[in-house]
Amino acid sequence: MKTLNEYLKDAKAGGYALGHFNFSTEDVLRGIVEAAREAGAPAVMVGTSEGEADYVGMYEAVALVGAVRKHYDFPVFLNADHFKSFGKCQEAIDAGYDSVIIDESKMVFADNTSASKKVVEYGREVSKSRNVEITVEGEIGYLKGSSEVQKKIEISPADYTKPEEAKEFVVKTGVDRLAVVFGNIHGIVTDQEEKLDIEHFKRIVEAVPDVYYVLHGASGLKDSDVQAAIKAGVTNVHFNTELRVAYTEGLHKALHDKPGETTPYKYLKVGVDEMKKVVSAKVQMFMER
Ligand SMILES: [Zn+2]
């Protein structure tokens, strides 16, 4: 199996992106992998936030991803999504995650840099001892919002990632991937239009060409915005909220339509099928050139 960085390298050369989708239950994980594979993705990243990891269990997440990889003979990479401390990242790496995002972006630059560097060093040490490649993503610039439907989030260019800071951060930490902020916010906002500042992103890429760029908070963005970001150098796109909404709406509908249905796999499947449509549409959108 190729490594995650090798898949990202191919994506960069080919001008497309790999999807990153979140799960906290086995049915959603399997649905993501089935949909990504059917839609023609070369590989897929699946992630658990700290909350999602607490629910499913880190060892369980690792075992489940191992099982679906085998079941579908398809490359699936498990990522610890926005883990907020060195300790949490260490737990994920020890449990067998393929990748972690150390997110200390709320901290001052120096603290974010030193925490991220520590995670990179730990990841390299464990990679060596296990003969695997554990990759690390850092985040710079504070990405506002949460993976929910919200009314309004104030964002201004002052919140954007500064190109010179991005450069210093990548050089000092050695992260594989970088999450940046240029108009993106986590979740879906209902009372404002979400818009990316592609020109600003291009200035970041110009300052730091040698890292893989990740777009977080893609839920709620127009396809044309996401595709413009991919064209400008994003190789990994995170979607969570839109999947959650589709899954939950499917469940509501199933339970409403057949209130007497008590077989979980029958009503859960309706939610999974709705969620798969979202994954499939996103993957096709990432691959369009
Ligand atoms: Zn994110």
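## Contacts and the basis of the model

Contact between two residues means that heavy atoms of the two lie within 4.5 Å of each other. Ser-127, leaving aside its neighbours within four places in sequence, is in contact with Val-132, Glu-133 and Ile-134. Ser-127 is found in helix α6, where helices (H or I, at least four residues) and strands (E, at least two) are DSSP runs, numbered from the N terminus. With a relative accessibility of 10%, Ser-127 counts as buried; the term buried means under 20% relative accessible area, exposed means over 50%, and partly exposed is in between, computed with a 1.4 Å probe on protein chains only.

The structure is a predicted model, in which local features need pLDDT of at least 70 and side-chain atom pairs count only at pLDDT 80 or more, while totals for chains, interfaces and linings use all residues. Residues are numbered from 1 along each chain as its sequence is written, and side-chain values use heavy atoms, with hydrogens and water left out.

## The zinc site

Which residues coordinate the zinc ion? The donors are His-82 through NE2, His-186 through NE2 and His-216 through ND1, at 2.1 to 2.2 Å. Donors are N, O and S atoms within 2.8 Å of the metal (3.2 Å for Na, K and Ca), and water is not among the atoms, so sites may look incomplete. Along the sequence, the donor residues follow the spacing H-x103-H-x29-H. His-186 lies in strand β8 (residues 186–189) and His-216 in the loop between β9 (212–215) and α9 (223–231), so this pair ties together parts that are 30 residues apart in sequence.

His-186 counts as buried because its relative accessibility is 12%, and His-216 counts as buried at 1%. His-82, which is found in strand β3, is buried with a relative accessible area of 9%. The backbone of His-82 has a positive phi of about 55 degrees, although His-82 is not a glycine.

Asn-131 is a residue other than glycine whose phi is positive, near 55 degrees. Asn-131 lies in the loop between α6 (109–130) and β5 (135–140), and it counts as exposed because its relative accessibility is 71%.

## Two packed helices

Two packed helices are described by the angle between their axes and the distance between the axes. Helix α7 (residues 163–173) and helix α8 (residues 198–207) pack at an angle of about 35 degrees, and their axes are 8 Å apart. Here axes are lines fitted to C-alpha atoms, for helices over the stretch in contact, and angles run from 0 to 180 degrees between N-to-C directions. On the side of α7, the contact is made by Pro-163, Ala-166 and Lys-167, and on the side of α8 by His-200, Arg-203, Ile-204 and Ala-207.

By class, this contact of α7 with α8 has four nonpolar, one polar and two charged residues. In this grouping Ala, Val, Leu, Ile, Met, Phe, Trp, Tyr, Cys and Pro count as nonpolar, Asp, Glu, Lys and Arg as charged, and the others, Gly among them, as polar.

## Aromatic pairs

How many aromatic pairs does a search of the whole structure find? The search finds six, where rings of Phe, Tyr and Trp (its six-membered ring) pair if their centres lie within 6.5 Å, and where planes under 30 degrees apart count as stacked, over 60 as edge-to-face and the rest as tilted. Phe-83 and Tyr-97 form a tilted pair, 6.4 Å centre to centre and with 50 degrees between the planes. Phe-83 lies in strand β3 (residues 76–83) and Tyr-97 in the loop between α5 (86–95) and β4 (99–102), so the pair ties together parts that are 14 residues apart in sequence. Both Phe-83 and Tyr-97 are buried.

Phe-239 and Phe-286 form a stacked pair, 6.0 Å centre to centre and with 25 degrees between the planes. Phe-239 lies in strand β10 and Phe-286 in helix α11 (residues 264–287), so this pair ties together parts that are 47 residues apart in sequence. Phe-239 is buried, with a relative accessible area of 1%, and Phe-286 is buried, with a relative accessible area of 1%.
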